[in-house]
Amino acid sequence: MTRLETIKNTPYAKNASRYINIINELRRIGADFSVDLPRIVFCGNQSAGKSSLIEAISGVKLPRSDGTCTRCVMEIRLSESSKEWSCQVRLRKEYDENEKRLNKPIETKFGSLIVDPDNVELMARRAQKALLNPKQDSDKYFNWDFASNNYEEDAQSNAIKFTKNVVCIEIEGPDVPILSLIDLPGIIRYTEKLEDEKFITLIEELVKEYIHKEKSIIVATISCKDDIDNQAIVSLAKNADISGIRTLGVLTKPDTIEEGTHDKWLKIMRNEAHRLDLGYYAVKNPSQKHLNDGITFEDARQDEIDFFEQGWTKFLLRERIGVVKLRLKLSDLLIQSIKRGLPSVRKEIETKLSETRQELEKIPEQLSDNPRIEIYRMAKKCSTIIKSKTMCSNNQAELWQSINKEFEFFTKELYNSRPIFTVGINETEVDFLGEFISETQVKEKIKTSRGRLLPGVIPSSVAETLINETNSNWKTPAINCLNAIHLIVLKFVNESIDMTFSRFPNLIGQIRYIANTWLDECKNLTAKYIDFIYQMQTDPFTLDERSIISQKSAYLSAFHDILKKENQEPTSTLEIMALTMAYFKISLNRYVDIIAMTIIHAFVDGFTKYIEEKMIEICIPDGKHSLDELIKEDDSVKHQRDYLLNREKDLKEIFDSLVKFGI
């Protein structure tokens, strides 16, 4: 191979290799699975001369035949080096054996390092065969002997006929152009065999997938042998690149232009028809006869020069004629695209890395090997969540806002049971709520309670009777309040358990049972306390003499004012009424506070104090449950964490590579 004009003779020589190496490295580690990377994509109809064009650019022969020989994508990575010429073939698996896309591509070396360009075609063909037999060990095909079988004959023995996986060919050496390109299978419109018709759609969809990406430079290979409007790649490229800013047309086989159609093709070559921002290049590659005769790459390029000098230079721009000029243009386009695109690639990787880490924070941490330690840790975490909310730590007042609403309702319900007396001839109401008790009714109670007492003496049992009749229904509202708060705490506790233990389907039910049973025990104990408190209310008592006298005097004064307006004299009955109202006010406030405090301390705090110990009891062997079974993590949680951890690792590797290259 003689030295051809390469990118090192251009102004971009200093940084060209660096940028190509960056993009090759990013693709090698799977960055294109996460972000859109700049790349050059060669596509065109079958028999449009695309294979010959790729060979001319890369300087090596690739698998070819008259049939559909390219049954996978090929990626050619070219880099200039002071080292001896060498080639390493790699397999890049992006899909599994069922054609399901992998989370990350797997790229492995295929065979040993090649030092003779003439051996590349055979190794690439073997690599393609390895991809078409995905269930077999690829090592099996390192030295595969095709014998005398041609491509079509040998293809019959493959497990699958086509794959989206990639054969990568890495070439470096002193006379190698600095370029990286992707070679897609040729678009077909007809197959000789009926069973191969599916490849028509499959290949077209594959081409669309590659060329629709915004950072893809589309190299549309267009044969001058056929009408341009009849070539599928033209319409596909237009649909993918509507504005035509990233498509470059390459006109092949100019020696096959039909007589009388030269003007039409010249207009296209000069970008006067079917306009593209990147314009068109014209190349002339060897005919099949020359290929069969073993023409060298050097002779092929000389033939190309001779062909275009026969009158073509009068009509075409010299810088747009020939493979060498095209190769330089493609290197320039790719390098500029990489330079423009890498800052946005880094920003996108940073964003995705941040998003992935945020998602990881929502996923429970990975388990240790000791199930008891895991249960202790989670029980501690869950009890801490419960305690922080029952104690209102860090202003977490949501739980208590719900509980306080029930206390307010309880207080209002008791308040509505207060006695409301009517006094005087007009039975004037002292209050406007509750059940009315008239002065006449009170007199009747005094009369029936007097017994052997002298007239004018009021029995103390009358006041006790009135008070007991008033608070006889206080127990039910207190129990209702406890039940309502139990439901609130139950919901909160189960939510806390779900949040902590949700990834363990076998464990969560057991933990819920333990917590709910303990909560019921606390509720039942509190109900007994409430019953005890209620029983104490049946015997009126207070040491707050000052308050009861003050309240009684205030109510008695109000009664006297009403009678005074009616010109009535006060009776001893009013004493009983005022005393009853005064005691009710004192006992109601006392009862409400004691019931609320009992529910808080015996039920809420009592449950919270020992819930961690209760949860840990599950670690005590009972012969029914295995800790390993209980701690078995939900598969979906494990898969999601593994996926995010791998994604974080991949993105970090990509980011570190960008930083290493100074991006």
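Reply: N567 is exposed, at 70% relative accessible area. Exposed means over 50%, buried under 20%, and partly exposed in between (1.4 Å probe, protein chains only). The model is predicted: local features need pLDDT of at least 70, side-chain atom pairs count only at pLDDT 80 or more, and totals for chains, interfaces and linings use all residues. Residues are numbered from 1 along each chain as its sequence is written, and side-chain values use heavy atoms, without hydrogens or water.

N567 sits in the loop between α17 (545-565) and α18. Its phi is near 60°, positive although the residue is not glycine. Helices here are DSSP runs (H or I, at least four residues), numbered from the N terminus.

Next, α18 (residues 573-616). It packs with α15 (residues 475-501) at about 25°, axes 11 Å apart. The axes are lines fitted to C-alpha atoms over the stretch in contact, with angles from 0 to 180 degrees between N-to-C directions. So α15 is roughly parallel to α18, a label for angles under 35 degrees. On the α15 side, the contact (heavy atoms within 4.5 Å) includes L482, I485, V489 and V493. On the α18 side, I595, I599 and F603 are among the partners.

Now the cores: buried Ala, Val, Leu, Ile, Met, Phe, Trp, Tyr and Cys residues joined through side-chain atoms within 4.5 Å. The largest has 65 residues. Helix α10 (residues 323-362) gives the most to this core, 11 residues. Apart from it lies another core, of 51 residues, including V493 and I488.

Technical notes:
Helices (H or I, at least four residues) and strands (E, at least two) are DSSP runs, numbered from the N terminus. Angles under 35 degrees count as roughly parallel, over 145 as roughly antiparallel, 65 to 115 as roughly perpendicular and the rest as oblique.
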